[in-house]
Amino acid sequence: RAACQAAGGQRYVLGSIGPGTRLLTLGQTDWSAMHASYRTQIEGLLDGGVDALLVETCQDPLQIRCAVHAALRALEDRGMGPEQLPIMVSVTVETTGTLLVGSEIAAVAATLRRLPVASLGLNCATGPAEMTPHVEWLAKHWDRPVSVVPNAGLPILVDGRTEYPLQAEPMAQRMSGFVGDLGVSMVGGCCGTTTEHIGALRAMLDMASPASRSQVSFAPSTSSVFGAVEHRQQNSVQIVGERTNASGSRAFKRLLEAEDWDAIVELASEQSADGSHVLDVNVDYAGRDNVRDMREVVSRIAKGVDIPLMIDSTQINTIRAGLESCGGRAIVNSANLEEGEPKFDELCQLAREHGAAIVLGCIDDDPEEAMARTAERKLEVATRMFERATKVHGFQAEDLFFDPLVLPISTGMAQDRRSGLETIEGVRHIAKAFPDAQITCGLSNVSFGLKPAARVVLNSVFLHELQSAGLTSAIMHASKILPRTRIEDLHWEM
């Protein structure tokens with residue numbers, strides 16, 4: 001700070017926040033310990049007078065979220081926000097093409113997209129040549145400034161010592177393409193670079209004409225530790241696997257009782273292999289420590305399965321535990337207005353803090369009809385939640401998953417005979433009113449109580465009708481759904 005003030009002009013101090021020596025996704029520490037450590041460091045940097053915080057050399061998306069969360073808390077305590085003091089992020093992509101824990105650059109971008117991060121870039125591990133494909137991806141898909149701070153090439157051994165072979169002028173020439181062709185906003189030098197390298201970069205920038213990045217596009221997505229999955233699938237709904245849910249899967253419940261964590265990860269892997277795009281994880285089980293179970297299950301599945309997670313619970317602390325254990329970008333399931341706006345607001349705020357998407361169930365606090373049964377009522381409740389989620393909490397429509405609620409049609413009660421039809425029409429109404437939002441449902445609820453063969457047919461036909469009405473996602477057992485061609489006409493029409 002003192003050096004910048006003495007030099008004068010436009011010079012800024014970036015507070016460097018490194019990855020530390022223990023990674024969350026690998027289970028080497030926990031969220032609370034890492035969060036407290038980052039808070040201590042960030043408080044010191046703020047006391048020192050930094051102009052921005054730079055979370056750099058990142059190797060784990062969960063570690064990045066923890067650092068950003070700690071930074072936001074520290075700023076909030078001082079009456080500040082990221083608008084006054086920016087939070088920048090720079091990741092380290094190894095020669096393997098991923099972060100150390102296996103994350104692709106798209107997974108990182110999806111994880112950070114809804115967090116108040118001022119810039120995203122790469123530093124360390126490789127030289128500019130090896131960074132090129134990842135920088136190109138960011139230039140096309142990341143909607144904020146991009147930074148590139150490479151090493152002076154890949155290190156080599158010379159007479160028993162490590163040297164970096166890329167000299168100052170060749171490095172500046174390489175970097176000029178990032179600025180002039182891709183529109184990179186910030187450049188610098190990491191390991192092996194010298195004052196000569198920085199001087200050459202400075203001279204290059206004086207002559208450069210930065211390219212425009214007006215065509216940036218990023219499809220709404222969630223992500224696992226490893227990769228991103230788009231909310232909208234081209235040839236299918238987004239399939240959310242339902243078998244890791246203690247409320248609906250007896251097999252999962254038994255494994256949870258036995259604390260057979262390896263078998264739980266295997267069950268999750270089977271759903272991924274069966275075609276699920278996302279996994280619903282619900283450990284709500286009376287008599288157990290649900291917070292502990294959620295941490296155990298999510299942390300193990302997150303590093304063992306390559307698809308994103310839907311963190312599902314009726315308890316806020318259990319959802320928080322899942323988000324703090326889940327690398328990547330999750331979906332929170334679910335918020336509703338059954339207990340009024342305070343709990344709805346708390347869940348929305350929690351999801352926003354972690355950059356998560358959220359499921360909104362069509363239930364409100366109406367004493368006469370809390371659970372929306374008719375299509376019109378489903379739209380009414382969805383509209384109320386949409387207004388509050390977007391205007392009060394700042395959600396984008398594309399990150400909201402409306403659940404119109406699927407009720408069994410096999411109860412024998414007259415009021416339930418039209419439940420399936422009302423859900424289909426409710427989906428149609430919500431899709432028309434909020435075309436950018438997602439619509440999901442617990443598909444198999446419609447056939448609860450029927451024989452297995454009948455359930456397969458009914459679920460398959462119901463999914464077809466829902467998808468035609470505008471459904472974009474469904475919580476279901478993917479291998480139990482049949483295509484139209486495998487169901488007899490008579491059964492389909494019935």
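Predicted model: local features only at pLDDT ≥ 70, side-chain atom pairs only at ≥ 80, totals over all residues.
Helices (H or I, at least four residues) and strands (E, at least two) are DSSP runs, numbered from the N terminus. Residues are numbered from 1 along each chain as its sequence is written. Local features need pLDDT of at least 70 and side-chain atom pairs count only at pLDDT 80 or more, while totals for chains, interfaces and linings use all residues, and side-chain values use heavy atoms, with hydrogens and water left out.

A pocket here is an open set of points on a 1 Å grid over the protein atoms alone, where a 1.4 Å probe fits, with protein on both sides within 12 Å along at least five of seven lines; lining residues have an atom within 4 Å of a point. The largest pocket has about 1,700 Å³ of space, counted as the volume filled by probe spheres set on the points, which are joined across faces, edges and corners. Its lining holds 47 residues, and E242, N245, G248, S444 and N445 lie nearest the centre. Elements giving two or more residues include β11 (238–245), α8 (250–258) and α15 (452–469). By class, 19 lining residues are nonpolar, 16 polar and twelve charged (Ala, Val, Leu, Ile, Met, Phe, Trp, Tyr, Cys and Pro count as nonpolar, Asp, Glu, Lys and Arg as charged, and the others, Gly among them, as polar).

The second largest pocket has a volume of about 920 Å³. Of its 25 lining residues, L14, M186, V187, G188 and L205 lie nearest the centre. Here α7 gives the largest share, four residues, and the lining divides into 14 nonpolar, seven polar and four charged residues.
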